[in-house]
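I opened this notebook to record what I looked up, entry by entry, with the terms spelled out where they first come up.

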Amino acid sequence: MNVTPAGQGGGAVGDPGRLYGLGVGPGDPELLTLRGLRVLQSCPVVAYVAARGRRGHARCTVEQFLRPGQTLERLEYPVTVEPVGVEVYRSLLDRFHDDAAERLAAHLDAGRDVAVLSEGDPLFYGSYMHLHIRLADRFRAEVIPGITSVSAACGLAGMPLVSGDERFTVVTATMLAEDLKQALAGTEAVVILKIGRHLQRVVAALEATGRIDDAIYVERASHPDQLVMPVREIGSRTPPYFSLVLVPGPRLAGLGR
């Protein structure tokens with residue numbers, strides 16, 4: 001992998017462009033880093049992923065900072081949920097990332113720098129990672145870190161997660177129910193991402209491990225419609241994809257709002 005510091009300017013005429021994985025943070029435009037803003041506005045090509053019929057969360061975050069004349073490369077997901085099984089789903093996404101990487105490679109080969117927007121941090125469950133592993137051995141590449149949804153959610157909830165030598169585990173609500181229970185029982189602090197339609201499985205795992213009373217639900221942290229509440233108070237609410245559950249370690253349980 002070739003890594004070049006941001007802001008050093010282009011190479012000689014005919015040199016390939018540089019690839020940037022640009023973390024734009026959890027949603028509030030003011031949480032975009034100064035370095036991220038500089039790279040965003042310096043790149044002639046800005047790429048972003050979006051679901052069919054959507055503008056893309058990362059693009060919406062930086063919309064006000066885009067410059068006239070920049071080329072916007074929309075990379076549209078073929079699917080957003082598993083339609084006919086895990087293997088078919090993965091195959092569709094692999095093909096999508098292959099095609100997207102070649103589209104960006106065409107810009108890079110032509111000497112144009114490309115900033116790939118990524119919600120949160122590019123390498124923390126970010127879609128950019130799939131492009132990075134396909135392109136970073138061919139082009140100069142740099143990752144611009146971003147604030148994660150976990151950091152934003154903890155700030156919104158006023159909840160520290162771990163202290164001292166406590167362990168911290170991040171899992172997704174899409175994992176098998178038994179694996180989720182094991183994660184909750186086997187570590188001090190847990191963050192469960194991608195709640196969405198899996199809420200009841202998460203609630204069942206929290207109850208089975210005796211951790212539901214300490215669990216805090218956070219929805220769309222840093223967005224204008226953000227929400228935080230104890231998991232026990234969710235009721236019949238249907239969480240969006242951008243929601244998570246915070247479970248603090250025992251030393252800090254009960255210290256949140």
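Predicted model: local features only at pLDDT ≥ 70, side-chain atom pairs only at ≥ 80, totals over all residues.

Entry 1, a helix residue. I began with Arg38, which is partly exposed because its relative accessible area is 41%; on this scale buried means under 20% relative accessible area, exposed over 50%, and partly exposed in between, with a 1.4 Å probe and protein chains only. Arg38 lies in helix 1, residues 34-42, where helices are DSSP runs of H or I with at least four residues and strands are runs of E with at least two, both numbered from the N terminus. From the C-alpha atom of Arg38 to that of Phe65, 27 residues apart along the chain, I noted a separation of 9.8 Å.

Residues are numbered from 1 along each chain as its sequence is written, and side-chain values use heavy atoms, with hydrogens and water left out. The protein chain has a mean pLDDT of 90, with 91% of its residues at 70 or more, pLDDT being the predictor's confidence in each residue, from 0 to 100. Residues 1-11 have pLDDT below 50, and I found 23 contacts in the model for this stretch beyond near neighbours in sequence, a contact meaning heavy atoms within 4.5 Å.

How do the axes of helix 3 and helix 4 cross? I read that the axes of helix 3 (residues 86-109) and helix 4 (residues 128-135) come within 9 Å and cross at roughly 60 degrees; axes are lines fitted to C-alpha atoms, for helices over the stretch in contact, and angles run from 0 to 180 degrees between N-to-C directions. Helix 3 is therefore oblique to helix 4, since angles under 35 degrees count as roughly parallel, over 145 as roughly antiparallel, 65 to 115 as roughly perpendicular and the rest as oblique. On the helix 3 side I listed Asp94, His97, Asp98, Ala100, Ala101, Leu104, Ala105 and Leu108, and on the helix 4 side His130, Leu131, Arg134 and Leu135. By class, the residues of this contact between helix 3 and helix 4 are seven nonpolar, two polar and three charged, with Ala, Val, Leu, Ile, Met, Phe, Trp, Tyr, Cys and Pro counted as nonpolar, Asp, Glu, Lys and Arg as charged, and the others, Gly among them, as polar.

I saw Ala177, Leu180, Lys181 and Leu184 of helix 6 meeting Arg201, Val202, Ala205, Leu206 and Ala208 of helix 7. The residues of the contact of helix 6 with helix 7 comprise seven nonpolar, no polar and two charged.

Is Gly120 buried or exposed? Gly120, in the loop between strand 4 (114-118) and helix 4, counts as buried because its relative accessibility is 8%. Not counting residues up to four places away in sequence, Gly120 touches Gly23, Val24, Gly25, Pro26, Gly146, Ile147 and Thr148. Ser127 is placed in the loop between strand 4 and helix 4 and is buried, with a relative accessible area of 16%; with residues up to four places away in sequence left out, Ser127 touches Val49, Tyr77, His97 and Ser118.

In helix 5 (residues 149-157) I found Val150, Ala152, Ala153, Cys154, Leu156 and Ala157 buried. Their cover includes strand 6 (168-172), strand 7 (189-193), strand 8 (216-219), strand 9 (227-230) and strand 10 (243-247). Gly158 follows helix 5 and has a positive phi, near 65 degrees.

Lys194 has phi near 55 degrees, a positive value in a residue other than glycine; Lys194 lies in the loop between strand 7 and helix 7 and is partly exposed at 24% relative accessibility. Arg220, not a glycine, has a positive phi of about 50 degrees, sits in the loop between strand 8 and strand 9, and is partly exposed with a relative accessible area of 29%.
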